[in-house]
Amino acid sequence: MKSAIVSSPHLAPVNRVDRIMLQVLLALVPGVLAMTWYFGWGLLINIALAATFAVLAEAGVMLARGRSPFAAIGDLSALVTAVLFAISVPPTLPWWLTLLGMLFAIVLVKQLYGGMGYNPFNPAMAAYVFLLVSYPVAMTTWLAPGVLAEHGLSFMESLGLILQGTLPPGLDWDAVTAATPLDEMRGKLDEGWSIEEIRQSPLWGQFGGRGWEWIAGWFLLGGLYLLWRRIITWHIPVAMLLGLLICAGVAWTLDPSRHPLPTFHLFSGAAILGAFFIATDPVTACTTKKGQLIFGAGIGAIVFVIRAWGGYPDAVAFAVLLMNIAAPTIDYYTQPRAFGHGGGRQAR
Amino acid sequence: MERAVSLDSSLGTGARSIPSGRRLWRFHGGVHVPDEKSLSNAEPVTSAPLPKRLIIPLQQHIGAQARPLVRIGERVLKGQMIAEPNGYISAPVHASSSGILVAIEPHPVAHASGLSALCALIETDGEDAWAELPEPLVHYAQLDPTLVRERIRWAGVVGMGGASFPTSVKLNPGTDRQIQTLVINGAECEPYITCDDRLMRERAAHVLEGVRVMDHLLGVSQVLIGIEDNKPEAIESMRDALAETDMPGYTEIVPIPTLYPSGGEKQLIRILTGREVPSSGIPAHIGIVCQNVGTAAAVADAVLEGRPLISRIITLTGRAIAAPQNLDARVGTPAGELIAHCGGYRESARRLICGGPMMGFELRHPQAPITKATNCLLALTRAESPDPGPTLACIRCGRCAEACPAKLLPQQMYWYARAKDLDRIQDYHLFDCIECGCCAQVCPSRIPLVQYYRYAKTEIWAREQERRKADQARARHEAKRVRLERQEQERQARLRRQKAALDAKPADGKAGKQALIEAARRRAAAKKAAAGRSGAQSADRP
């Protein structure tokens with residue numbers, strides 16, 4: 001027994017970072033499959049590319065810092081960043097933008113702040129915003145969901161599009177792409193259409209965007225799995241979705257011709273994905289329970305504000321980054337009442 | 001968190017919950033850990049053999065170290081006081097068998113620091129001859145409580161749940177504080193440990209006798225005995241014993257849900273009464289006193305049998321021990337001998353721990369003796385206590401905060417402890433941390449959080465001490481300066497007075513002075529005249 005004195009407790013720890021990350025990756029599977037179903041192979045190719053770049057970037061930085069790259073890669077956090085990034089960007093994104101995004105996310109946003117656990121901003125979302133601001137066209141060229149596309153891209157065609165930027169012969173961009181429902185709504189509203197008229201568009205489904213609503217549904221399933229496995233708590237997702245719903249509900253009540261049903265907000269774009277998988281990133285979110293409620297509600301409200309009146313059709317990434325900045329302050333002002341510090345049944 | 005749980009829908013090992021009509025409260029957080037009680041709770045307590053040499057630490061309690069009463073080479077008898085309390089918060093130490101006192105010297109003891117402390121070494125003679133013991137106080141109820149407390153103090157009874165605070169002090173809350181509730185702690189929430197379980201199963205009536213004595217001393221209106229519901233036999237046995245006494249009117253055996261750390265004093269009080277002991281306060285501040293069941297038994301020994309506290313039940317367990325069991329062992333028995341008595345190690349122990357796996361500390365010297373507070377020797381195998389592996393960065397997941405029974409933010413305290421920001425960490429209520437280890441147990445990054453808090457506390461204490469010293473030095477310096485100033489002022493005043501006195505004397509004024517001057521001038525003139533005359537005379541000579 002010549003080991004260093006180890007402080008109590010002495011039992012095997014029950015949680016592990018890599019297991020938590022693995023659970024997150026597992027929970028993403030249904031949504032990713034649904035998304036592949038609607039938008040084709042591009043997503044899977046992007047995930048593979050992003051994962052490779054992220055792991056290489058992580059390993060490179062660790063080697064440069066003179067540390068073993070295996071511990072950093074082994075915690076699987078770079079993979080989670082890569083997958084979330086790949087899900088957020090269009091499935092046609094040129095490979096070098098994915099590379100740029102991953103370098104930005106892993107090297108600048110994560111490692112230059114000290115690596116895992118020290119980054120104030122969500123790396124995947126920071127990279128997304130960086131690319132969206134720098135390459136707006138590439139970042140907003142979405143494929144039409146499979147049910148609407150005149151031509152579905154095969155695996156090789158997707159690969160060619162991503163690696164070389166070339167469409168299969170005989171196809172033009174209009175044949176394969178379509179505006180996202182949020183984009184469509186935004187543009188049409190700006191042109192003076194009413195929600196009633198916009199809803200006639202084939203891009204609209206039952207309550208959200210066509211295809212998108214089902215993808216959101218599968219991500220919701222993954223999110224519930226995370227709740228069940230206690231990887232996340234309900235506070236951030238519920239607060240964020242409620243924040244979005246309440247804002248959207250008030251706006252819809254006041255002016256239904258300019259604002260869609262609140263459920264449309266929930267089941268379009270990245271609201272569900274953001275609520276369960278992005279806003280809940282523990283490193284960059286609030287840690288106190290009360291703080292998490294404020295943090296989540298803030299994201300929901302900002303998402304609505306940007307969607308309704310801002311310059312971008314979707315806003316989860318911006319909203320998350322904005323609340324990331326506020327998280328330490330919120331945490332400071334929402335400390336729970338410690339045991340024996342008043343409240344409750346106290347000394348009479 | 002005000003939610004009450006009824007035991008029928010209890011959390012934890014619900015299947016074994018025992019219904020109770022009493023409303024229970026929840027404390028925040030806590031962790032479910034495999035309790036591992038079945039390793040050692042099946043067999044009755046047996047007596048450990050008399051060791052050849054007893055090593056009895058003079059400090060087995062919180063407070064001042066006891067002062068030795070015997071000379072080296074002297075023969076001591078079993079139960080003889082060999083060191084007396086040194087101050088109010090202190091406790092005596094008794095010889096736990098007869099023999100020759102061969103030395104009083106530093107010896108490795110069971111302490112987290114691994115350091116040595118002053119111990120009385122007794123070569124036992126095997127006769128185990130008792131010293132003359134005081135009269136049992138069977139009719140304690142008719143006696144002055146001070147006498148009974150004096151007896152408990154004489155017997156060296158200290159809290160046997162681990163903190164080892166002198167019991168007589170705790171049973172003397174003062175006349176200005178009314179104690180309404182006596183809480184008896186039979187929770188035994190640490191995994192593996194079963195000594196209280198066995199005690200309650202085998203000596204329930206005796207425990208209750210002790211409770212009755214304590215009740216008499218405190219004059220409480222209710223007694224609540226909390227036992228975790230993973231000990232149904234102990235609950236049963238205590239209930240049966242209670243029915244035989246005159247106490248059921250105000251005493252209740254309350255099964256509580258198994259959830260670590262329900263046996264923490266503050267947590268147990270919360271569960272049973274819903275009340276929170278104020279921060280940096282003691283239970284007596286809210287009219288509650290909490291005592292362990294082992295302490296109750298020791299009080300019964302002292303008052304009803306006149307026996308001092310010289311032995312205790314200790315659990316030897318862990319999968320590395322050949323035959324885990326509970327032993328009635330003499331205080332001062334080397335840990336190694338008890339382990340040998342249990343058949344030694346089955347496989348090499350990864351760690352030998354004094355106390356439970358959640359809060360115990362590693363015993364670096366297997367020959368360190370057990371004390372009044374040692375409730376468990378735990379030998380863990382590599383599988384039970386694997387190497388924690390490299391510590392990863394905190395990912396702020398907040399599991400620690402969810403598990404913290406003191407409702408703290410452990411991850412924030414960790415940041416500030418690492419940054420040595422000793423002021424900010426106190427803003428986060430560091431000193432409300434009870435070091436239960438829940439946070440570290442659930443940390444996915446394997447950060448030894450408790451170690452950081454202990455470090456921060458020690459640093460703050462050291463800083464406080466430095467500050468106190470500096471304050472003293474400053475006060476002394478200031479006092480000196482004031483003294484010198486005063487002396488200087490006094491000197492000045494004296495001089496002024498003298499001068500004033502001088503000035504005051506020639507009250508007849510200038511005239512006197514003039515007269516003096518005039519007189520001096522006349523004297524000088526006369527002298528001159530005389531000199532002139534004598535010169536003339538000499539000139540007159542030829």
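Modeller: In this predicted model, the centres of domain 1 of chain A and domain 2 of chain A, taken over C-alpha atoms, are 21 Å apart. The domain assignment places residues 16-178 in domain 1 and residues 180-333 in domain 2. Where they meet, 32 residues of domain 1 of chain A and 28 residues of domain 2 of chain A take part in the contact. About 2,800 Å² is buried between these two domains of chain A, and carbon and sulfur atoms give 81% of that area.

At least three residues of the core come from each of domain 1 (16-178) and domain 2 (180-333) of chain A.

A:Arg307 sits in helix H16 (residues 289-309) of chain A. Its relative accessible area is 3%, so A:Arg307 counts as buried, the cut-off being under 20%. Two backbone oxygens lie within reach of its side chain: that of A:His265 at 2.7 Å, and that of A:Ser268, which is 3.2 Å from a polar atom of the A:Arg307 side chain. Beyond four places in sequence, A:Arg307 also touches residues including A:Leu182, A:Arg186, A:Leu244, A:Tyr312, A:Pro313 and A:Asp314.

Next comes the partner chain. Between chain B and chain A, 64 residues of chain B are in contact with 43 residues of chain A. The two chains bury about 4,900 Å² between them, with 54% of it on carbon and sulfur atoms. On the chain B side, B:Glu276, B:Ile395 and B:Arg396 supply 15% of the area buried against chain A, more than any other three residues.

Chain B has its own division: domain 1 (15-125 + 140-315), domain 2 (316-380) and domain 3 (399-456). The centres of domain 1 and domain 2 of chain B, over C-alpha atoms, are separated by 19 Å. The contact between them involves 51 residues of domain 1 of chain B and 41 residues of domain 2 of chain B. These two domains of chain B bury about 4,000 Å² between them, 59% of it on carbon and sulfur atoms. Within domain 1 of chain B, B:Tyr192, B:Arg312 and B:Ile314 lose the most area to domain 2 of chain B, together 17% of what that side buries.

Chain B also contains an open sheet of six strands, in the order E3-E16-E15-E19-E17-E18, with mixed pairing. Strand E3 (46-47) and strand E18 (361-362) of chain B are at its edges; each has a single partner strand, so one side of each is left without a neighbour in the sheet. Inside that order, strand E15 (residues 311-317) and strand E19 (residues 376-380) of chain B pair in the parallel sense over three bridges. B:Leu316 stands opposite B:Leu377 in E19(B). Another pairing in chain B is antiparallel: five bridges join strand E4(B) to strand E10 (residues 116-124). There, B:Ile56 has B:Ala120 of E10(B) as its bridge partner. Four of the five residues of strand E4 (residues 53-57) of chain B are buried.

B:Gln267 is in helix H6 (residues 265-273) of chain B and counts as buried, at 2% relative accessibility. Apart from neighbours within four places in sequence, B:Gln267 is in contact with B:Phe27, B:Pro261, B:Ser262, B:Pro405 and B:Ile434. B:Thr146, in helix H1 (residues 145-154) of chain B, is partly exposed, with a relative accessible area of 46%.

Definitions and conventions: Residues are numbered from 1 along each chain as its sequence is written. Chains are lettered from A and ligands numbered from 1 in the order in which they are written. This is a predicted model: local features need pLDDT of at least 70, side-chain atom pairs count only at pLDDT 80 or more; totals for chains, interfaces and linings use all residues. Side-chain values use heavy atoms; hydrogens and water are left out. Helices (H or I, at least four residues) and strands (E, at least two) are DSSP runs, numbered from the N terminus. Buried means under 20% relative accessible area, exposed over 50%, partly exposed in between (1.4 Å probe, protein chains only). Domain bounds come from an automatic or database domain assignment. A polar contact is a pair of N or O atoms within 3.5 Å; within protein, one must be able to donate a hydrogen and the other to accept it, and residues adjacent in sequence count only if both atoms are side-chain atoms. Contact means heavy atoms within 4.5 Å. Two strands pair if DSSP finds at least two bridges between them. Buried area is the accessible area (1.4 Å probe) that two parts lose on being put together, summed over both.
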